[in-house]
Amino acid sequence: MKCPACGSESTHVIDTARELTGNIRRRRECTSCRKRFSTLERVVDTMPLVVKSGGRREAFNRDKIMNGIRTACTKRPVPAEDIDRLVDQVEAQVLALNRSEVTARDIGDMVLNRLRGLDEVAYIRYASVYLHLKDLESVKREIEKLLAER
Ligand SMILES: [Zn+2]
């Protein structure tokens, strides 16, 4: 860390504070000219990249997950705040994995596990997209699984 007054690279930290935003503010002192100054380190959440089924990678996109769930919940009695909370939980779970990459399928599973408790019709709709339930038979099997677990 360079001193802004004399340009010396020899400074030491005299105080460190974490702000409410999570950023870290450090009070430093130059060991050459004794000038004191502050630095702010911005903490950036490191969401993992999402690996699609074809191997393509893309940034984690909260809105995209939200839209998928909203579509599945169309005309279902699911409050918007429940969907918000579900996406929050999935985002937190992905972050907690602490990995550099996560598969789209993993995220789909996280959503499904929670959606099942929220609304069964929305669950089947979402599952038919994300589990690639291609035909009526596999949708039927999924519904039977759901009924058996009741
Ligand atoms: Zn200095």
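Predicted model: local features only at pLDDT ≥ 70, side-chain atom pairs only at ≥ 80, totals over all residues.

Q: At what angle do H4 and H5 cross, and how far apart are the axes?
A: The angle is roughly 145 degrees, and the axes of H4 and helix H5, residues 136-148, come within 11 Å.

Q: Which residues of H4 and H5 meet?
A: From H4 there are Glu120, Ile124, Ala127 and Ser128, and from H5 there are Val139, Glu142, Ile143 and Leu146. Sorted by class, this contact of H4 with H5 has five nonpolar residues, one polar and two charged.

Q: Why quote both an angle and a distance each time?
A: Two packed helices are described by the angle between their axes and the distance between the axes.

Q: OK, what are those two values for H1 and H2?
A: H1 packs with helix H2, residues 80-97, at an angle of about 135 degrees, and the axes are 10 Å apart. H1 and H2 are therefore oblique to each other. This crossing of H1 and H2 is right-handed.

Q: And which residues make the contact of H1 with H2?
A: H1 supplies Arg62, Ile65, Met66, Ile69 and Arg70, while H2 supplies Ile83, Leu86, Val87, Val90 and Glu91. Seven residues of the contact of H1 with H2 are nonpolar, none is polar and three are charged.

Q: Changing topic: how is the chain split into domains?
A: The domain assignment gives domain 1 as 11-41 and domain 2 as 49-148. Taken over C-alpha atoms, the centres of domain 1 and domain 2 are separated by 43 Å.

Q: Now strands. What is the order in the sheet with S1?
A: The order is S1-S2-S3, in an open sheet of three strands with antiparallel pairing. S1 and S3 are the edge strands, each pairing on one side only. From one strand to the next, the twist averages 25 degrees.

Q: How many bridges join S1 to S2?
A: Seven bridges join strand S1, residues 11-18, to strand S2, residues 24-30, and the two run antiparallel. Thr11 has Cys30 in S2 as its bridge partner, and Arg18 stands opposite Ile24 in S2.

Q: And S2 with S3?
A: S2 and strand S3, residues 36-41, pair in the antiparallel sense over six bridges. In this pair Arg26 stands opposite Thr39 in S3.

Q: What about the hairpin of S2 and S3?
A: The hairpin has five residues between the strands, and Arg34 takes a positive phi near 70 degrees there.

Q: What is the strand order in the sheet with S4?
A: That open sheet of three strands has the order S5-S4-S6, and its pairing is mixed. Strand S5 (57-58) and strand S6 (101-103) are at the edges with a single partner strand each, so one side of each is left without a neighbour in the sheet.

Q: In which sense do S4 and S5 pair?
A: Strand S4, residues 49-51, pairs with S5 in the antiparallel sense over two bridges. Val50 stands opposite Glu58 in S5.

Q: Last one: which helix packs on that sheet?
A: Helix H3, residues 104-118, packs on the sheet and touches S4 and S6. The direction of H3 makes about 65 degrees with that of S6.

Definitions and conventions: Residues numbered from 1 in each chain as written. Pairing = 2+ DSSP bridges. Helix = DSSP H or I, 4+ residues; strand = E, 2+ residues; numbered from the N terminus. Contact = placed C-beta atoms within 7 Å. Axes fitted to C-alpha atoms, helices over the stretch in contact; angles between N-to-C directions. Domains from an automatic or database assignment. Parallel < 35°, antiparallel > 145°, perpendicular 65-115°, else oblique. Left-handed = near helix turned anticlockwise from the far one by under 90°. Nonpolar A, V, L, I, M, F, W, Y, C, P; charged D, E, K, R; others polar.
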